[in-house]
Amino acid sequence: GDAFAAGIIYGIYKQWSIPERLMAGMCVAAMCLRDATPYASVTTIEECLKLKEQFTFRVLSSSSSIDQ
């Protein structure tokens, strides 16, 4: 959760939109899981954001509901 929160907070600092903040949070959290320690695999935000091109994240539309 800390890595996800860090991505969100960084997005707030950079004044990104909410979807961009969420994507940053997901990417930083995913990067964090690459190593057994919580800090060794996290590099720059640019490296973290490259994960969104490497992996597919589900994007919800504004008309999506919880049960979909």
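**Figure 1. Helix α1 passes helix α2 in a right-handed crossing.** A crossing is right-handed if the near helix is turned clockwise from the far one by less than a right angle, and left-handed if anticlockwise. The model is predicted, so local features need pLDDT of at least 70 and side-chain atom pairs count only at pLDDT 80 or more, while totals for chains, interfaces and linings use all residues. Residues are numbered from 1 along each chain as its sequence is written, and side-chain values use heavy atoms, with hydrogens and water left out. Helices are DSSP runs (H or I, at least four residues), numbered from the N terminus. Two packed helices are described by the angle between their axes and the distance between the axes. Here α1 and α2 (residues 18–32) pack at about 145°, and their axes are 7 Å apart. The axes are lines fitted to C-alpha atoms over the stretch in contact, and the angle, from 0 to 180 degrees, is taken between N-to-C directions.

**Figure 2. Residues of α1 meet residues of α2.** On the α1 side are Ala 3, Phe 4, Gly 7, Ile 8, Gly 11 and Ile 12. Among the α2 residues that they meet are Arg 21, Leu 22, Gly 25 and Met 26. Contact means heavy atoms within 4.5 Å. By class, this contact of α1 with α2 has 10 nonpolar, three polar and one charged residues. Ala, Val, Leu, Ile, Met, Phe, Trp, Tyr, Cys and Pro count as nonpolar, Asp, Glu, Lys and Arg as charged, and the others, Gly among them, as polar.

**Figure 3. Val 28 lies in helix α2.** Val 28 has a relative accessible area of 8% and is therefore buried (buried is under 20%, exposed over 50%, partly exposed in between, with a 1.4 Å probe and protein chains only). Leaving aside neighbours within four places in sequence, Val 28 is in contact with Ala 3, Gly 7, Val 42, Ile 45 and Cys 48. Gly 7 and Val 28 are 21 residues apart in sequence, yet their C-alpha atoms are 5.8 Å apart.

**Figure 4. The largest nonpolar core has 11 residues.** Such a core is a set of buried Ala, Val, Leu, Ile, Met, Phe, Trp, Tyr and Cys residues joined through side-chain atoms within 4.5 Å. Its members include Ala 3, Val 28, Ile 45, Cys 48 and Leu 51. The elements giving two or more residues to this core are α2 and α3 (45–49). With six residues, α2 gives the most. Cys 48 touches Cys 27, Val 28, Met 31 and Val 42, not counting residues up to four places away in sequence.

**Figure 5. The structure holds two aromatic pairs.** Rings of Phe, Tyr and Trp (its six-membered ring) pair if their centres lie within 6.5 Å; planes under 30 degrees apart count as stacked, over 60 as edge-to-face and the rest as tilted. The rings of Tyr 10 and Tyr 13 are tilted, because their planes are at 45°, with centres 6.4 Å apart. Both residues are in α1 (residues 2–13), three residues apart, so about one helical turn separates them. Tyr 10 is partly exposed at 28% relative accessible area, whereas Tyr 13 is exposed at 64%. Tyr 10 and Trp 16 form an edge-to-face pair, 5.5 Å centre to centre with 75° between the planes.
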